[in-house]
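Student: I am new to reading protein models. Could you take me through a few backbone features, one at a time?

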Amino acid sequence: MLIRLPLALLSLGGVLHSEQGYSISTAAGNSSGGDGGRATAAHLVSVEGLAVDPGGRLYLADAAGHRVRRVSRDGVITTAAGDGLPGAGGLNTPYGVAVDAQGILYIADYGNGRVRAIQADGKARTLAPDFRFVGPHKVAADGNGNVYVSDWDANRVYRIDSAGRVTTVMGETAGLRNPAGLAIDRDGAVYVADSGNGVVRKMTAAGVITTAAGGPGSPALGAPIGLAFDPAGNLMIADAGLRRIFRLTGAGMSVYAGIDPPLSGPTRDVAVDGLGYVYVADGRQVVRFGGAGPGVVYAGSGTDDPELLRAPIGLAMEAGGSLLIAEEGARRVRRLTGRGVLETVYEGAPLTDPVAVAAHSVLGLRIADHQGNRVIGLAARSPFPVGGDGWNRPRGLAFDAAGNLYVADSANNRVQRVSPAGSVTTLAGTGVQGYSGDGGPAASARLNGPSGVAVDTVGGVLIADTGNHVVRRVSSNGVITTIAGTGEAGFSGDGGAATRAAFRFPSAVATDAAGAVWVADTFNHRVRRIGIDGVVATVAGDGLPGFAGDGGPALRARFRFPSSLALDGRGGVYVADLDNHRIRLLTPVTDAEQPAPVRAPPESGAANPPVSGMAVWNAASLRPSSLAPGMLLLLTGERLGEGQIELRFDGVRSIPAAIERDQILAQAPYSIAGRREVELEVSAGGVARARTRVPAAPSAPALFTIARGTGQALALNADGTLNSVGNAAARGSLLTLYATGEGLTVPPSVEGTPAREPLPRPALPVEVTVGGHPAEVVFAASAPGYAGLLQINIRLPGIFSPPGVRPVVLRVGGAASQEGVTIAVQ
């Protein structure tokens with residue numbers, strides 16, 4: 001059987017190989033929140049803390065927005081601290097803010113368990129960095145350099161002095177329950193909103209604690225949470241439980257705001273400026289009151305930011321190139337158009353927890369409603385049930401070309417197939433949690449919480465078997481195998497076989513047109529790729545949770561639980577960066593790479609500069625090699641290929657097959673047969689550029705691989721498709737390999753001349769082993785239409801040979817091909 005190998009697939013066996021890298025950017029979810037514009041148009045998420053500085057600027061802690069915003073006196077909003085993402089490098093749910101007389105901003109960084117101080121010049125530091133707060137909620141600063149902190153979860157109030165020492169000033173003896181707002185009067189007394197007890201406590205400078213408001217004989221408070229003094233010395237109390245602002249004067253307590261009209265949201269804090277204006281944190285807005293009459297909105301539009309995402313967890317491409325996003329935190333599905341605009345596709349009943357979405361050009365959209373235990377279809381924006389009511393935490397979705405929908409039925413430990421007519425059958429999994437069944441029927445295998453599914457180019461179904469920390473594949477004939485992961489959680493194996501690599505709760509898979517498998521290695525905070533040679537590599541993420549790297553190399557980026565992948569068909573990869581609330585985009589960046597070329601600087605001013613060294617490689621193994629008659633070889637060296645190149649073997653001129661700036665592809669003359677050493681000379685314009693002597697041998701066989709001379713062999717299955725982990729060859733079937741370095745042929749070949757009938761055959765005996773087992777060599781001859789390329793058709797060992805990624809070795813005469821070459825067998 002002759003299979004003509006397309007030159008585009010051969011690519012000279014990776015001789016002129018390019019290493020593919022990626023840059024990273026944010027495609028959706030990045031928003032300034034209105035910075036630089038009117039504060040009333042800004043998008044705020046949940047305002048929890050307020051403070052006014054000596055210059056009259058308002059600071060507000062947007063806890064769920066993970067920022068502290070600043071509003072100038074002319075109403076322009078900017079970000080004072082935080083980047084909108086929770087993390088130790090920025091802010092994580094800031095609840096309280098305060099500003100002292102010097103303009104230093106203090107922030108109760110609740111989620112990070114610390115208190116931050118930001119100088120007027122923008123320099124930030126952590127107060128008492130060795131002390132761990134449990135739940136710092138509000139802060140206040142006195143005139144003596146002390147900062148007071150209410151710890152909501154520890155039921156204490158602390159004082160940090162100017163030396164950074166921390167002292168408990170109110171705690172268990174006071175019986176505090178969820179202390180929140182703080183305020184300091186002119187005499188240095190500290191007031192505490194004891195929200196859980198529904199009172200306001202007062203501690204004098206001498207340490208005497210009393211109840212200032214809400215106790216017996218005082219109007220009842222619900223949940224006092226914010227405190228501030230006005231210029232007259234009256235205490236303003238924000239009551240989140242009653243949604244009112246109270247004013248405590250020497251004559252008693254009264255309602256200041258919240259009766260007519262009522263406040264729209266829980267009043268989370270209050271602040272007063274030097275002119276007596278009162279600012280109230282009212283949900284997603286700040287309302288300002290001044291004298292009689294209703295308050296006016298001072299900051300916040302009260303609406304969602306259309307550019308923000310909330311927990312994007314599932315992705316799918318539409319035929320037109322738009323990206324669908326299952327936005328779990330907002331309980332909706334959105335579309336990112338080619339123009340970069342976010343649109344809402346569907347939200348509302350019955351959708352409760354969208355975690356995955358799939359699109360079909362005819363059948364429309366399908367949505368996995370995880371907590372709702374259903375799969376929902378959309379027809380003209382109208383929802384309908386898909387596949388009945390037997391789902392149990394459905395997680396991943398994918399369509400095949402025939403319109404079958406595959407569902408990762410996570411808590412049922414199965415992958416189900418829904419036909420276009422709506423019938424449901426089990427593709428993989430018995431329903432019993434476990435890890436078993438490789439090499440047998442997928443329906444008899446055990447899975448453990450599968451989360452992701454994808455369909456590859458030859459109809460195989462890929463499964464992110466999340467709880468087993470592996471990626472599995474179900475072939476078109478229903479056989480399941482593990483293609484990545486060891487079954488143990490961890491991170492290891494980059495640069496080697498994916499089946500020996502460790503993953504940690506991979507939750508999504510995708511496949512590209514070349515057959516490579518992409519994996520969201522979620523709890524390793526990485527995106528990894530398994531080439532068709534079965535070798536795994538990290539493409540994006542440095543393994544540390546966080547947000548970083550936009551605009552630079554993807555390998556230096558940081559994710560927080562990448563949860564889904566979508567390939568745009570143009571080389572780009574979208575990543576659902578779940579806890580960063582963003583969609584990141586990986587964009588290919590080519591970084592040309594050669595096998596260790598000799599680098600020698602040219603002589604200044606030389607028209608045809610000499611090369612001080614030249615390396616010789618077998619063009620298939622990309623390793624140093626003896627020369628065999630007719631062998632394809634690669635010569636490398638700095639600027640070796642510049643100019644009018646001439647190549648000579650022992651003085652005999654040879655025509656190069658291909659030339660690039662730093663490398664030359666050539667074929668050794670058959671006339672070197674019988675020699676023990678050969679001199680190679682490269683010249684340009686009649687001037688010698690490089691010269692070296694290379695050992696010669698009767699044969700020096702090497703197998704072509706997909707890249708770099710190792711890993712997956714450049715091999716074709718019996719149907720003419722590329723062999724790969726995702727497209728393994730059946731045991732006992734025919735497989736075609738390609739090599740060079742077989743030596744002399746019968747009838748004799750002529751270097752540089754494509755092979756024609758009758759095809760020349762190696763003069764020396766040819767043998768092949770797969771996994772150490774002999775394979776029947778059905779055919780071995782020069783590949784038709786090529787010079788120096790040997791085609792070997794073998795019949796793979798039968799059922800007594802194990803499946804998986806198996807080493808393959810070619811022997812011609814007494815010489816063997818390079819180690820580390822593999823094929824995939826099922």
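Student: Where is the place of F561?

Tutor: F561 sits in the loop between β45 (536-540) and β46 (562-567). As for the naming, helices (H or I, at least four residues) and strands (E, at least two) are DSSP runs, numbered from the N terminus. This is a predicted model, where local features need pLDDT of at least 70, side-chain atom pairs count only at pLDDT 80 or more, and totals for chains, interfaces and linings use all residues. Residues are numbered from 1 along each chain as its sequence is written, and side-chain values use heavy atoms, leaving out hydrogens and water.

Student: What is phi of F561?

Tutor: Phi of F561 is near 60°, a positive value in a residue other than glycine. On accessibility, buried means under 20% relative accessible area, exposed over 50%, and partly exposed in between (1.4 Å probe, protein chains only). F561 has 25% relative accessibility, so this residue counts as partly exposed.

Student: Is R331 buried or exposed?

Tutor: R331 is exposed, as its relative accessible area is 51%. This arginine also has a positive phi, near 55°, and is likewise a residue other than glycine. Look for R331 in the loop between β27 (323-327) and β28 (332-336).

Student: Now the peptide bonds: which one is cis, with omega near -10°?

Tutor: That is the bond from V746 to P747. P747 belongs to the loop between β62 (745-746) and β63 (761-762).

Student: And what is omega for the bond from E757 to P758?

Tutor: Omega is near -5° there, and the bond from E757 to P758 is cis. You will find P758 in the loop between β62 and β63.
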